[in-house]
Amino acid sequence: MSVIIFIIILVVLILAHEFGHFIVAKWAGMRVDEFGIGFPPKLWSKKPKHSETTYSVNAIPFGGFVKIFGEDRMEDAEPEPRSFSARPRHLQAAVIVAGVVANFIFAWLLLSVGFLSGFPTPAQVENGIVPENANLLITAVSDGSPAEKAGILPGDHVLSLSSGADVLSKNIVTPEAMSSFIATHGEKEITITYTRDGKKGAASVTPVSGILTDRAAIGITMDLVEIKRLPIHQALFEGGKTTIAVTKATVRGFWTLISESIRGNGAGLSAITGPVGIVGLVGDTASFGFAYLIAFTAFISINLAIINIIPFPALDGGRLFFLAIETVKGSHIKPAVTAWANGIGFVLLILLMVIVTFRDIMHLIG
């Protein structure tokens, strides 16, 4: 199921990206020959009456593509006025950037929908009282821990804890209170009552020493969350604000990863997650609920936008870089040169993906 969800997310994000290229190319007066869902071989296609664009559905369901006439200049030795290479460079740049912008806009809309329908946000505890609509959420369960052996899962909402006559009820259950309750009961059995997928359940677990250095624990991490629903204007504002905040944090993260790796101090490829690792993250996120999956998709969309704008061949940023060189030198770069550079860049990106995927698989089976 996680694989199917991942494929759907990937297709939607790439289609959003390609739609950005498509709509701006149309606006710029360029001839768009095809907008495809998936990659060939072709399963179905249609060219509407009075339209120059063929719309197709293809067999390989990993995204989509837009074919703009003259984009690679290989078939455009004598550019016609509506070809990509014949249009002004600022319009070419707008088409290239449009895919990245579309991913940012899509993330903003997703987060806005989340705030509109109800988004989990950190709850504020006042005078030791938990808000009425707040829940203590299990966010992670350690492998081999007492919690895992008891059947506790990420996404469970804790209702209460009890051990003998001692009870910690919902209206005062916080991460700090639960940790303290577990620690003070040493290695005595504790019953945790929770809800999962709307159904009530219970698990008996005995804390052990060694997970934490200073007290007994059961091997979980927790967060106190409440559902935040906003009217549409506030939802759009919060969605935009969150998109900007996540973008800044992601850029800082990439910069730190690259700079530290260059210095030899970083985690290198071990800090990068490939498709296999993302499938696992999708499964974990989906277990928390649909709102978390929306947020996760938005965050991936932002990451794709930032990666795509990096000035590396085969990425949109690389195409912008070549366009900037052409602007400075006042003439086109030879198509063979750009094709060679993009080909090398594509091979290197595929090689990186293979290495990271292999590492993810080794981590799973190890």
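**View 1. Salt bridge between E52 and K26.** The side chains of E52 and K26 meet in a salt bridge with an N to O distance of 4.0 Å, the term being used for a side-chain nitrogen of Lys or Arg within 4 Å of a carboxyl oxygen of Asp or Glu. Because E52 lies in the loop between β1 (32-46) and β2 (54-68) while K26 belongs to helix α1 (residues 2-27), the pair ties together parts that are 26 residues apart in sequence. Helices (H or I, at least four residues) and strands (E, at least two) are DSSP runs, numbered from the N terminus. E52 is partly exposed, with a relative accessible area of 27%, and K26 is likewise partly exposed, at 30%; here buried means under 20% relative accessible area, exposed means over 50%, and partly exposed covers what is in between (1.4 Å probe, protein chains only). K26 and E52 are also linked with R82 in a network of salt bridges. The model shown is predicted, so that local features need pLDDT of at least 70 and side-chain atom pairs count only at pLDDT 80 or more, whereas totals for chains, interfaces and linings use all residues. Residues are numbered from 1 along each chain as its sequence is written, and side-chain values use heavy atoms, with hydrogens and water left out.

**View 2. R319 and its partners E71 and D316.** The side chains of E71 and R319 meet in a salt bridge at 2.4 Å, N to O. Since E71 lies in the loop between β2 and α2 and R319 in helix α8 (residues 316-329), this pair ties together parts that are 248 residues apart in sequence. E71 is partly exposed, with a relative accessible area of 28%, and R319 counts as partly exposed at 22%. R319 also forms a salt bridge with D316, at 3.4 Å, N to O; being 3 residues apart in helix α8, R319 and D316 are separated by about one helical turn. D316, at 5% relative accessibility, counts as buried. The count of salt bridges comes to 8.

**View 3. Nonpolar patch on the surface.** V101, I105, W108, L109, L116, I232 and L236 form a nonpolar patch with about 580 Å² of accessible area together, computed by the Shrake-Rupley method with a 1.4 Å probe, only the protein chains shown counting as cover for residues. Patches are made of residues with over 30% relative accessible area and no salt bridge, like charges being joined within 9 Å and nonpolar side chains (Val, Leu, Ile, Met, Phe, Trp, Tyr) within 5 Å. Helices α2 (89-117) and α5 (232-263) each supply at least two residues of the patch, and the largest share, 5 residues, comes from α2. L236 has its place in helix α5 and counts as partly exposed at 34% relative accessibility.
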